[in-house]
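Welcome, and thanks for having your viewer ready. Keep the selection tool at hand, and we will walk from one stop to the next.

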Amino acid sequence: MSTATRKAAPAPAPIAATMDASAQVAMLRKTFRSGRTRSLTWRRAQLEGLSRLLSERETHLAAAVEQDLGRSAIETFMGDLAPVRAEIRHTLKNLERWSRPQRAALPVTQQPGKAWTVAEPKGVVLVIGAWNFPLLLTLQPLVSALAAGNVVLVKPSELAPRTAQVLAELLPKYLDPSAVVVANGGAEMSTALLKEKFDHVFFTGSARVSRLVATAAAEHLTPVTLELGGKSPVIVAADADLDVAARRIAWAKCVNSGQACIAPDYVLVEDSVRSAFVERLLRELDNAWRAEPTRIVNENHFDRLAALLDGHGGDTTGGQRDRGTLRFGATVVTDPDLDSPLMTEEIFGPILPVVTVTSVDDAVEMVNSRPKPLALYLFTENDDTVQTVLGNTSSGSVGVNHLLYQLLVPDLPFGGVGASGTGDYHGEHGFATFSHRKAVLRKPTNPDPSFAYPPYGAFATRLLRRLMG
């Protein structure tokens, strides 16, 4: 794609030109207080409308993503559209069950009576999307928020401007426009929105920006979900199928030019198979890159990646690049300095360090010496090795003998731990994130024994201590 084409997508005009952030939130709150979003009929209608949007406007959406990121239509279908459509189907199938009151057991001291919890929507929700999968990471949390009965202010990423504009144009045509509002703009828009009082803020992006989001939300004591990233490691054990491991790691690293939060960030390979693995990895990376070459999102990220290849202390293979077209070739760096920026900063691009370790135990020790990752991957044929890694590491998710696919299982939660994020979503976990489980206790008015109230005599004291002690 030419430079002229790449620069043809102007930043969308902020939708707040006719309505400021305060007015948007006020309108959404009025809609929520009307009560209509609480009905399952309304929720299903919104999900079905979103499903129609994805089907009827697939070509339009894919063209916007291609203009922003250079991805082909089939890549956008697989990475952005199909997972959201699957999430909608799964949610519609299970929504009634998720919404039912849940009974709670009563201890003897609380009987007679009944106790249960009710899932109620939190209210006015802010969803801040990300640019790397601008449909998936904006619409999938929207699915969960609508399923739970909330009204939603959607803030797409300004780094995917054409996709953001298309969402602003299409969402009001398929969803309740007084319950779902799109606000486009840059950092100024995000700052204005975060000054408002929301009932939940859902953010996908970098750890740096997440701190700003969390700080702003704390002013209103607003709960947040932070979907971040970090350096997701891959451990390749000596008994791994090296051909499969190399092929799958190369594929995962080249998806969207490595610009994915759960992309493999670096590989820890046992020294006995290091040479054989690297040989296969280089071949498979070349194949994967030639099959679906995409581009880096902008010049700033391109320059950041290029800087990571300076002074790392390892051996570099590949990395052909063209700043004019933002093409950055797949690159392998073997045994870099573990304290270099390449090994301490999230790469978020098609650069893959490979670090030699003496054993899986050494790999586990290295993983544990660093911030907890969003994903951890392991290639092995040994069940004991699987249990060793699972039992001695902490990460948002784990993939054994494959990468990325854990994201596509509707009943698995998706989220980080520690520096890689707070909270989770997908399926029932997403419904729970955007719901408040309200506790309810109902007691009959009879019996109403007098010994339950002061003053407590000797008999009442003995009885209460026995019952409650």
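## First stop: a buried serine

Select Ser232, which sits in the loop between β7 (224–227) and β8 (233–236). Helices (H or I, at least four residues) and strands (E, at least two) here are DSSP runs, numbered from the N terminus. Before going further, note that this is a predicted model: local features need pLDDT of at least 70, side-chain atom pairs count only at pLDDT 80 or more, and totals for chains, interfaces and linings use all residues. Residues are numbered from 1 along each chain as its sequence is written, and side-chain values use heavy atoms, with hydrogens and water left out.

Is Ser232 buried or exposed? Ser232 has a relative accessible area of 0%, so it is buried (buried means under 20% relative accessible area, exposed over 50%, partly exposed in between, with a 1.4 Å probe and protein chains only). Now show what surrounds it. Leaving aside neighbours within four places in sequence, Ser232 is in contact with Cys261, Ile262, Ala263, Pro264, Asp265, Tyr266, Pro373, Leu374, Ala375 and Tyr377; contact means heavy atoms within 4.5 Å. For a distance check, pick the C-alpha atoms of Ser232 and Val201: they are 31 residues apart along the chain and separated by 25 Å.

## Zoom out

Show the whole protein as a cartoon, with its 17 helices and 20 strands. Along the principal axes, the C-alpha atoms fill a box of roughly 85 × 55 × 40 Å. Buried residues make up 51% of the 469 residues. Among contacts with a separation of 6 or more, 74% are between residues 24 or more positions apart.

## Helix α3 and its two partners

Two packed helices are described by the angle between their axes and the distance between the axes. Axes are lines fitted to C-alpha atoms, for helices over the stretch in contact, and angles run from 0 to 180 degrees between N-to-C directions.

Select α3 (residues 40–56) and α6 (residues 136–147): their axes are 9 Å apart, at an angle of about 160 degrees. The two helices are therefore roughly antiparallel (angles under 35 degrees count as roughly parallel, over 145 as roughly antiparallel, 65 to 115 as roughly perpendicular and the rest as oblique). Their crossing is left-handed, which applies if the near helix is turned anticlockwise from the far one by less than a right angle; clockwise is right-handed. Show Trp42, Arg43, Gln46, Leu47, Leu50 and Leu54 of α3 with Leu139, Leu142, Val143, Leu146 and Ala147 of α6, which make the contact. Coloured by class, these are nine nonpolar, one polar and one charged (Ala, Val, Leu, Ile, Met, Phe, Trp, Tyr, Cys and Pro count as nonpolar, Asp, Glu, Lys and Arg as charged, and the others, Gly among them, as polar).

Gly49, Leu50, Arg52, Leu53 and Glu56 of α3 meet Leu170, Leu171 and Tyr174 of α7. That contact has five nonpolar, one polar and two charged residues.

Next, select α14 (residues 360–368) and α15 (residues 383–392), whose axes come within 10 Å and cross at roughly 20 degrees. That makes α14 roughly parallel to α15. Val360, Asp361, Val364 and Asn368 in α14 meet Thr385, Thr388, Val389 and Asn392 in α15. By class, the contact has three nonpolar, four polar and one charged.

## Last stop: backbone details

Most residues other than glycine have a negative phi, and most peptide bonds are trans. Which residues to check here? Leu404 has a positive phi of about 75 degrees and lies in the loop between β16 (397–400) and β17 (414–415). His426, with a positive phi of about 95 degrees, is in the loop between β19 (424–425) and α16 (427–433). Leu404 is buried at 12% relative accessibility, and His426 is buried at 1%.

Finish with the loop between β20 (435–442) and α17 (458–468), where Pro447 lies. The peptide bond from Asn446 to Pro447 is cis, with omega near 10 degrees. Pro455 is also in the loop between β20 and α17, and a cis peptide bond with omega about 5 degrees joins Pro454 to Pro455.
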